[in-house]
Amino acid sequence: MQPSIQTAAEDIINKVHAYMREHPESELHRCGKMFGVLIVEDGYLAAFSAKLDGMYNHEGFVPPVCEINEPPVGTSKEESKRLQRLLFANYNFINGRGEHKNLLDIFANEKPIVPPDEWFADQRLRLKADDEKLPPAGAGECCAPKLLQYALTHGLKPISLAEFWIGASPKNEIRREGVFYPPCSGRCVPILRHMMQNLKCTIYDGQETKNAVVNTEIEKLYEDDYLIVINKPSGLLSVPGKGDEPSAQTLLHAKPVHRLDQDTSGLLVLAKTPEVYSTLQSYFQRRDILKRYEAVLKPLNAETADAALKAREGLIALPLLPNPYDRPRQMVDFEHGKPAVTRYTIRSKRPDGTLFVDFYPLTGRTHQLRIHAAHPDGLNAPIVGDRLYGQITMENRQSERLMLLAAEITFLHPVTKKEMHFCLSPLS
């Protein structure tokens with residue numbers, strides 16, 4: 001009988017939990033790991049990413065795509081690069097047409113991954129002509145490529161695939177046990193782009209929570225010859241993206257002075273002239289613009305909720321950095337990240353156990369409020385409906401919207417110098 005993704009995942013979670021009880025020294029107790037299941041016609045396959053407790057092979061899980069011989073300790077940088085190139089050349093992936101490509105060919109036309117220690121350097125977008133573009137470390141060792149490779153090389157028909165986390169959450173990323181995650185954009189997506197050709201296999205990619213139809217009806221709260229203040233609906237981009245999706249900027253022919261995530265709703269200020277844009281930008285840089293966000297948070301358990309309610313208010317300071325291997329996700333990085341500071345106040349506990357919170361961002365990093373809410377060193381309570389850092393499951397991924405609202409903003413008009421203040425109705 002063909003199981004569902006949910007049933008197969010629960011089966012693996014139970015097996016891994018039994019393994020964890022037998023092995024209290026396992027790394028899963030400290031930092032966890034990504035696992036995956038692939039439904040095939042007569043059952044399912046399972047895999048884990050990279051190594052588990054120092055080993056690439058464990059009973060009941062598909063083996064690595066090729067035998068991995070790690071360079072000896074003390075190997076020079078040049079020799080290590082040569083061995084890595086040789087390893088990538090031996091990673092040959094098949095697709096639904098029966099065509100083979102190794103990792104060097106698959107990643108030949110991909111943008112190079114910028115490591116965390118170079119992300120904020122000015123030269124991050126430049127690549128010297130003589131620099132060799134190698135695939136990112138660990139490419140080919142993630143669950144999805146391993147599962148598809150095993151199925152296709154053993155005559156099995158892939159039907160559906162999903163990846164999920166088991167064990168403790170790592171310190172730099174936000175991962176929750178039992179939550180499903182899409183394949184990582186840096187290491188997996190280029191490989192899957194090749195492997196999925198001529199395959200009718202569903203890969204859960206975490207995108208179902210996006211609005212199917214973007215609301216382009218924009219409520220203007222204020223407009224004059226210099227600026228516009230709107231109530232941006234959830235699902236609408238602030239600025240143009242890579243595709244042809246509508247954005248506030250293209251619809252209003254004005255430039256947003258700050259940005260709201262696509263799924264975030266609320267107050268957005270747009271400038272009509274370059275001069276006004278420049279002035280308002282300087283306000284933001286000097287923190288002369290006051291902003292308040294409202295959010296509904298879902299604590300992981302009653303203890304988390306009680307701890308947050310007891311503290312009531314506080315300051316979260318977790319430096320952030322774009323995750324080079326899994327864009328657009330951000331990660332906490334105390335060594336290379338930029339400062340990100342948020343003041344918060346817990347306003348109430350709702351009947352369903354969720355928390356109603358006010359956020360006052362003192363910096364403006366991408367996904368700052370979402371990470372500061374969800375991270376174990378933050379409030380440890382993800383924003384309801386957060387498909388990147390929250391608790392999106394196979395059941396709720398289509399119904400929950402992101403409960404984050406840019407609710408209040410105060411600033412001086414760049415031309416008239418009058419105080420401008422806007423406040424929206426509370427989240428419901």
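Modeller: Let's begin with burial: a residue is buried under 20% relative accessible area, exposed over 50%, and partly exposed in between (1.4 Å probe, protein chains only). Here 50% of the 428 residues of the protein count as buried. Keep in mind that this is a predicted model, where local features need pLDDT of at least 70 and side-chain atom pairs count only at pLDDT 80 or more, while totals for chains, interfaces and linings use all residues. Residues are numbered from 1 along each chain as its sequence is written, and side-chain values use heavy atoms, with hydrogens and water left out.

Biologist: How many helices and strands does the protein have?

Modeller: Helices (H or I, at least four residues) and strands (E, at least two) are DSSP runs, numbered from the N terminus. The protein has nine helices and 19 strands. Its radius of gyration is 24 Å, close to the 22 Å from the globule rule for 428 residues, so the protein is as compact as a globular protein of that length. That radius is taken over C-alpha atoms, and the rule is 2.2 Å times the number of residues to the power 0.38.

Biologist: And how do I read strand pairing?

Modeller: Two strands pair if DSSP finds at least two bridges between them. Strand 13 (residues 313-317) and strand 16 (residues 341-349) run antiparallel, joined by five bridges; Leu315 has Arg343 as its bridge partner in strand 16. Strand 16 also pairs with strand 17 (residues 355-361), again antiparallel, over seven bridges. Those two form a hairpin with five residues between them, and Gly353 in the turn has a positive phi of about 90°.

Biologist: Which residue other than glycine has a positive phi near 60°?

Modeller: That's Arg287. Arg287 sits in the loop between helix 7 (274-285) and strand 12 (290-297), and is exposed, with a relative accessible area of 53%. For another backbone feature, go to Arg327 and Pro328: a cis peptide bond joins them, with omega about 5°. Pro328 is in the loop between strand 14 (320-322) and strand 15 (330-332).

Biologist: What about aromatic rings?

Modeller: A pair of rings is described by the distance of the centres and the angle of the planes. Rings of Phe, Tyr and Trp (its six-membered ring) pair if their centres lie within 6.5 Å; planes under 30 degrees apart are stacked, over 60 edge-to-face, and the rest tilted. That rule gives eight aromatic pairs. One of them is Phe180 with Tyr204, edge-to-face at 6.1 Å centre to centre and 85° between the planes. Phe180 lies in strand 6 (residues 180-181) and Tyr204 in the loop between strand 7 (202-203) and strand 8 (219-223), so the pair ties together parts 24 residues apart in sequence. Both Phe180 and Tyr204 are buried.
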